[in-house]
Amino acid sequence: SGQGGHSYLKEWLWWAGLLSMGLGEAVNFAAYAFAPATLVTPLGALSVLISAILSSYFLNEKLNIHGKLGCLLSILGSTVMVIHAPEEEEVTSLDEMERKLQDPAFVTFAVLLAAAALVLIFLVAPRRGQSNVLIYVLICSLIGAFSVSSVKGLGIAIKQMLEWKPVYRHPLLYLLLGALVLSVSTQINYLNKALDAFDTALVTPVYYVCFTTTVVTCSIILFQEWSSMDLGDIMGTLSGFCTIIIGTFLLHAFKNTNITWSQLMCTVAKEPSLARREDETCHTLLESMEVSGLACEEDNVLF
């Protein structure tokens with residue numbers, strides 16, 4: 001898939017993974033319909049932890065002490081973000097959703113995202129996609145903003161359907177459905193390319209950081225989630241997100257460093273012994289200096 005092929009479509013294991021991932025994403029998308037994206041998206045840090053652990057067992061990818069610490073920091077940062085999560089501006093109908101989508105700020109943001117994604121797909125990816133993990137991941141992340149926005153709108157439509165309202169007559173419903181299918185299929189394609197060319201332990205955290213940044217920014221512009229937050233919650237959200245970034249950096253930046261917990265404990269245990277040896281050496285030097293000083297004094301007396 002990294003070279004443009006699609007032979008993995010013939011593998012039953014790939015289809016089983018795709019269906020299980022699709023089920024998880026369906027439940028995840030349902031959460032977007034009932035909660036702010038800034039609250040739902042950080043919980044994806046659990047996927048960073050689970051993917052790193054499972055890849056170390058099933059794909060023989062190493063997870064050293066830096067990776068374990070990175071997983072812990074990712075969970076800690078997600079918890080802080082959830083505690084300080086904002087409340088989104090409530091949207092109860094497709095008409096309100098349509099007015100928000102037509103907001104000039106969101107239209108400008110969407111045009112910039114689409115232009116950046118097209119440049120990456122047609123100009124950058126054919127040249128540098130196999131050598132730089134950010135190319136495929138950025139394509140998935142930029143397109144992910146459209147998929148999350150579409151899911152939010154479809155969630156509102158489902159709520160109205162349950163209230164027996166004729167939402168099937170609204171053209172926005174079909175536009176959102178088409179945008180969702182197009183964006184999700186594009187994400188699956190380029191995510192498979194990234195996973196084929198790079199390790200899972202590397203792709204997953206980088207994708208999480210880029211995707212979370214894009215989705216949170218889109219949510220702020222579209223739903224104005226941060227308009228009702230005080231300074232403390234804003235600082236808490238930003239600090240939690242920075243903690244996640246540090247955790248993901250530790251998870252993949254030192255993935256080739258072979259450091260285990262036992263080696264670290266041995267190093268810590270050796271340091272006190274080295275300190276004791278240095279103290280003994282210092283005492284020996286002092287004693288020799290004292291002896292030499294006494295000898296000098298005796299020589300002076302004799303002189």
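Reply: By class, seven nonpolar, two polar and one charged residues make up the lining of the largest cavity (nonpolar: Ala, Val, Leu, Ile, Met, Phe, Trp, Tyr, Cys and Pro; charged: Asp, Glu, Lys and Arg; polar: the others, Gly among them). The model is predicted, and totals for linings use all residues. Residues are numbered from 1 along each chain.

The lining residues are A37, A145, V148, S149, K152, V215, C218, S219, L222 and F223. Two elements, α7 and α9, each give two or more residues to this lining (helices are DSSP runs of H or I, at least four residues). The largest share comes from α9, with five residues. The volume of the largest cavity is about 50 Å³, and the count of cavities of 30 Å³ or more comes to one. A cavity is a set of points on a 1 Å grid where a 1.4 Å probe fits but cannot get out, and lining residues have an atom within 4 Å of a point. The volume is the space filled by probe spheres set on the points.

The helices α7 (133-162) and α9 (200-223) also each supply at least two residues to the lining of the largest pocket, as do α1 (12-34), α3 (45-58) and α8 (171-197). A pocket is an open set with protein on both sides within 12 Å along at least five of seven lines. The largest pocket holds about 1900 Å³ of space. Among its 48 lining residues, G17, M21, S51, L191 and L195 are the closest to its centre. Here α1 gives the most, with 14 residues. By class, the pocket lining has 27 nonpolar, 17 polar and four charged residues.

Key
This is a predicted model: local features need pLDDT of at least 70, side-chain atom pairs count only at pLDDT 80 or more; totals for chains, interfaces and linings use all residues. Side-chain values use heavy atoms; hydrogens and water are left out.
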